[in-house]
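Have a look at the model first, then read on.

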Amino acid sequence: MEHQKGKFGPGSLRSNQCPNECTRRCSKTQYHKPCMFFCQKCCHKCLCVPPGFYGNKQVCACYNNWKTKRGGPKCP
């Protein structure tokens, strides 16, 4: 898969692409179910999922900036 500039930014996905992108994003975690739940919630809101299995959130500001009530990261 070729990584194009802008491929991961806000609005780069359609909501029907979220399950596949979140499966990729959450594939290495031992907390698969919660990762998938929050990733899909974030993806549907932001229409983007950062590249890789963790980190890289700066490319998707909405995904990066959505916080829990306690101020922690909402999106995996």
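Number the bonded cysteines in sequence order and the pairing reads 1-7, 2-5, 3-4, 6-12, 8-11, 9-10. Keep in mind that this is a predicted model. Taking a disulfide as a pair of cysteine sulfur atoms within 2.5 Å, the count comes to six.

| Pair | S–S distance |
|---|---|
| Cys-26 and Cys-35 | 2.0 Å |
| Cys-42 and Cys-75 | 2.0 Å |
| Cys-46 and Cys-62 | 2.1 Å |

Let's start with Cys-26 and Cys-35. The torsion about their S-S bond is about -80°, so this disulfide is left-handed. Both ends are tucked away from solvent: Cys-26 is buried, and Cys-35 is buried too.

On to Cys-42 and Cys-75. Here the S-S torsion comes out at about -95°, so this link is left-handed as well. Cys-42 sits in helix α2 (residues 32–46), while Cys-75 belongs to the segment after α3 (61–65), so the bond ties together parts that are 33 residues apart in sequence. As for accessibility, Cys-42 and Cys-75 are both buried.

Then there's Cys-46 and Cys-62, with -70° about the S-S bond, which is again left-handed. This pair connects distant parts of the chain, running from Cys-46 in helix α2 to Cys-62 in helix α3, 16 residues apart. Are its two ends buried or exposed? Cys-46 has 5% relative accessibility, and since buried means under 20%, it counts as buried. Cys-62 has a relative accessible area of 26%, so it is partly exposed.

What about the nonpolar packing? The largest nonpolar core has 16 residues, and Cys-22, Cys-39, Cys-43, Val-49 and Tyr-63 are the ones that touch the most other members. Helices α1 (18–25) and α2 each supply at least two residues of this core. The biggest share comes from α2, which gives six. As background, nonpolar side chains tend to be buried together in soluble globular proteins.

Which residues does Tyr-63 contact, leaving aside neighbours within four places in sequence? Its partners include the cysteines Cys-39, Cys-42, Cys-46, Cys-48 and Cys-75. Also among them are Val-49, Pro-50 and Pro-76, plus Arg-25 and Lys-57.

How values were computed
Residues are numbered from 1 along each chain as its sequence is written. This is a predicted model: local features need pLDDT of at least 70, side-chain atom pairs count only at pLDDT 80 or more; totals for chains, interfaces and linings use all residues. Side-chain values use heavy atoms; hydrogens and water are left out. Buried means under 20% relative accessible area, exposed over 50%, partly exposed in between (1.4 Å probe, protein chains only). Helices (H or I, at least four residues) and strands (E, at least two) are DSSP runs, numbered from the N terminus. A nonpolar core is a set of buried Ala, Val, Leu, Ile, Met, Phe, Trp, Tyr and Cys residues joined through side-chain atoms within 4.5 Å. Contact means heavy atoms within 4.5 Å.
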